[in-house]
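Colleague: Please take me through this structure step by step.

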Amino acid sequence: CGDGIISQNQEVCDDGNLDDDDGCSSTCLVEEGAVCAGEPSVCCYPCPAGEQRIGCEPPGSITPCQPCPADTFRPEGGNYDDTCQDCPTKTTALPGSAECTPVTEACGDSEIDPWEGCDDSNTVEGDGCTAECQVEEGSTCDGSPSICCFPCSDGFELVGCTAGVQAGSCVACAAGKYKSSSAPEWDDVCRDCPGTSWSSAGSRACTAQPTCEVGQ
């Protein structure tokens with residue numbers, strides 16, 4: 001063992017040395033997670049924690065270990081071709097990390113973190129972005145900090161809103177119009193009362209318009 005020739009006396013690899021942790025052990029056996037080929041053996045073996053090896057195919061292509069990118073990790077051990085994995089939600093990692101660490105939630109800081117759907121610089125409900133920094137039902141948000149367009153209450157419609165650009169305002173429906181919805185959306189508009197029905201300003205429904213007899 002160690003002469004670079006794979007003999008038949010229980011050698012599986014022989015990389016020309018008696019070192020451990022290089023893919024072929026000091027007893028000429030392929031180490032856990034490694035793969036070896038050729039004679040003398042050329043091996044791809046697991047990288048240190050926090051690093052990955054991509055495209056290693058012995059005996060031809062032997063690529064070096066590279067640090068994991070930010071917000072990814074790779075623990076100790078594993079196989080030679082194990083790649084760095086994305087950190088779970090609400091965790092982070094510096095480049096070359098073996099594990100991810102929890103991050104402090106900061107909803108309302110105007111920065112959209114990976115687990116946030118929006119962040120409008122506050123933790124107020126009913127403005128399109130919830131107190132947990134998720135887009136509210138029927139709303140749309142864009143930008144950082146987020147500018148949201150959200151559903152107005154019955155009898156009102158949102159005017160002048162462009163998500164990520166300009167916040168709008170809720171304006172009462174004009175007389176003769178109405179707005180009501182069981183599942184409101186931010187772009188719902190006031191509609192004309194049907195037929196001869198009528199409504200006052202800011203109405204959620206129309207009512208039959210009273211008729212007058214001749215002379216009344």
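Modeller: A residue is called buried under 20% relative accessible area, exposed over 50%, and partly exposed in between, using a 1.4 Å probe and protein chains only. The model is predicted, so local features need pLDDT of at least 70 and side-chain atom pairs count only at pLDDT 80 or more, while totals for chains, interfaces and linings use all residues. Residues are numbered from 1 along each chain as its sequence is written, and side-chain values use heavy atoms, with hydrogens and water left out.

Colleague: How many disulfides are there?

Modeller: The count comes to 14 disulfides, where a disulfide is a pair of cysteine sulfur atoms within 2.5 Å.

Colleague: Which cysteine does Cys68 pair with?

Modeller: Cys68 is joined to Cys84, with an S to S distance of 1.9 Å. These two cysteines come from distant parts of the chain, 16 residues apart: Cys68 is in the loop between β4 and β5 (72–73), and Cys84 is in the loop between β5 and β6 (85–86). Strands (E, at least two residues) and helices (H or I, at least four) are DSSP runs numbered from the N terminus.

Colleague: Is that link left-handed or right-handed?

Modeller: The link of Cys68 and Cys84 is left-handed, with -80° about the S-S bond.

Colleague: And why does Cys84 count as buried?

Modeller: Cys84 counts as buried because its relative accessibility is 13%. Cys68 counts as buried because its value is 1%.

Colleague: What about Cys44 and Cys56: what is their S to S distance?

Modeller: The disulfide of Cys44 and Cys56 has an S to S distance of 1.6 Å. The pair links distant parts of the chain, with Cys44 in strand β2 (residues 42–44) and Cys56 in the loop between β3 (51–52) and β4 (66–67), 12 residues apart. The link of Cys44 and Cys56 is left-handed, at -80° about the S-S bond. Cys44 is buried at 0% relative accessible area, and Cys56 is buried at 5%.

Colleague: Where is Cys28, and what is its phi?

Modeller: Cys28 is in the segment before β1, and its phi is near 60°, a positive value in a residue other than glycine. Cys28 is buried, with 0% relative accessible area.

Colleague: Changing topic: which residues make up the largest nonpolar core?

Modeller: The largest nonpolar core has 5 residues: Cys118, Cys129, Cys133, Cys141 and Cys148. A nonpolar core is a set of buried Ala, Val, Leu, Ile, Met, Phe, Trp, Tyr and Cys residues joined through side-chain atoms within 4.5 Å.

Colleague: What does Cys141 touch?

Modeller: Not counting residues up to four places away in sequence, Cys141 touches several residues, including Cys118, Gly128, Val135 and Ala163. Contact here means heavy atoms within 4.5 Å.
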